[in-house]
Amino acid sequence: MELAPIKREFALTLPVVLVSTVDQAGTRNLAPYSNVTPLLRSTDLIVLASWHRRDTLKNIRRTGEFVVSVPGVALADKIMPAAMHYPPQVDEFSQAGLEAKPSRLVRPPGVAGCLAWLECRLRKQYLEKSYVLVVGQVLRLEMDERFVTPQGGLDLSKAQPLMASLDEEGVNWATVRDLGKGAPYGAMFPHGQDPLAKLYRD
Ligand SMILES: Cc1cc2nc3c(=O)[nH]c(=O)nc-3n(C[C@H](O)[C@H](O)[C@H](O)COP(=O)(O)O)c2cc1C
């Protein structure tokens with residue numbers, strides 16, 4: 001079955017995160033973003049794509065700071081309230097019924113009850129006419145220890161990170177399932193060694 005190229009997001013299951021910012025007066029803003037990914041492995045960068053018409057983007061550009069909170073499925077019903085458009089002076093945490101979790105290194109708080117929090121500083125913007133690719137440097141990364149495996153990853157069956165599968169009618173909330181099998185990074189290389197392994201050792 002062939003689909004119109006504009007439907008490309010129907011073919012890709014997307015992450016869902018909550019991006020929090022503050023404006024110059026300190027008003028808290030919150031918005032879900034799905035166009036978000038770490039920038040390759042072994043950097044401390046993440047990239048998100050934002051339409052220009054976003055208070056989130058305006059705040060990031062003015063203050064240089066944002067927090068990416070990673071929700072689990074328990075927060076699925078809070079995503080659309082957080083996506084509603086409000087005037088910039090409205091506190092969107094209150095509107096969405098979400099509690100703030102103070103950050104350590106940046107002004108915007110994260111969202112309490114999430115699985116992980118990335119405190120970020122604006123590093124670079126790639127400007128297009130209607131949208132911007134925002135590259136953020138992760139200054140501080142925290143995961144709720146209840147959901148961390150001995151190998152340092154997310155325990156997917158416990159954490160149930162929120163994902164989205166899109167279609168012509170809207171968003172279908174989803175999560176991922178651990179298949180119970182995997183492979184070491186070294187399996188990509190003929191000598192079986194991961195050249196980046198030492199970067200990840202504490
Ligand atoms: C699941 C989901 C994912 C979204 N992802 C993005 C995104 O990646 N980029 C974007 O610009 N808007 C995205 N939006 C739309 C914004 O969240 C929405 O327009 C919000 O009102 C923006 O708020 P703000 O103006 O306070 O920043 C998404 C909405 C939903 C529900």
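## Around the ligand

At least two residues of the shell around the ligand come from each of β3 (28-33), β5 (45-51), α1 (55-63) and α2 (76-83). Here helices (H or I, at least four residues) and strands (E, at least two) are DSSP runs, numbered from the N terminus. This is a predicted model, in which local features need pLDDT of at least 70 and side-chain atom pairs count only at pLDDT 80 or more, while totals for chains, interfaces and linings use all residues. Residues are numbered from 1 along each chain as its sequence is written.

Which element gives the largest share of the shell around the ligand? That is β3, with 4 residues. There are 19 residues around the ligand, and A31, N35, R54, D55 and T56 come nearest; a residue counts as near if its C-beta atom, placed from the backbone, lies within 6 Å of the molecule. Sorted by class, the shell has 11 nonpolar, 6 polar and 2 charged residues. Ala, Val, Leu, Ile, Met, Phe, Trp, Tyr, Cys and Pro count as nonpolar, Asp, Glu, Lys and Arg as charged, and the others, Gly among them, as polar.

In soluble globular proteins, nonpolar side chains tend to be buried together. In this model the largest nonpolar core has 35 residues, and V17, V19 and V68 have the most contacts inside it. Among the elements that each supply at least two residues of this core are β2 (17-22), β6 (65-70), α3 (92-96) and β9 (116-127). Such a core is a set of buried Ala, Val, Leu, Ile, Met, Phe, Trp, Tyr and Cys residues joined through C-beta atoms within 7 Å. Buried means that 20 or more other C-beta atoms lie within 10 Å of the residue's own, with C-beta atoms placed from the backbone.

Take V68: leaving aside its neighbours within four places in sequence, V68 is in contact (C-beta atoms, placed from the backbone, within 7 Å) with V17, V19, V36, I46, L118 and C120.

Strands β1, β11 and β12 form an open sheet of 3 strands in the order β1-β11-β12, with antiparallel pairing. Because β1 (14-15) and β12 (171-174) stand at the edges with a single partner strand each, one side of each has no neighbour in the sheet. Two strands pair if DSSP finds at least two bridges between them; β1 and β11 (residues 163-166) are joined by 2 bridges. L14 sits opposite A164 in β11.

## The whole chain

The chain has 5 helices and 12 strands, and 28% of its 202 residues count as buried.

Note on methods: Buried ≥ 20, exposed ≤ 12 C-beta atoms within 10 Å, placed from the backbone. Contact = placed C-beta atoms within 7 Å.
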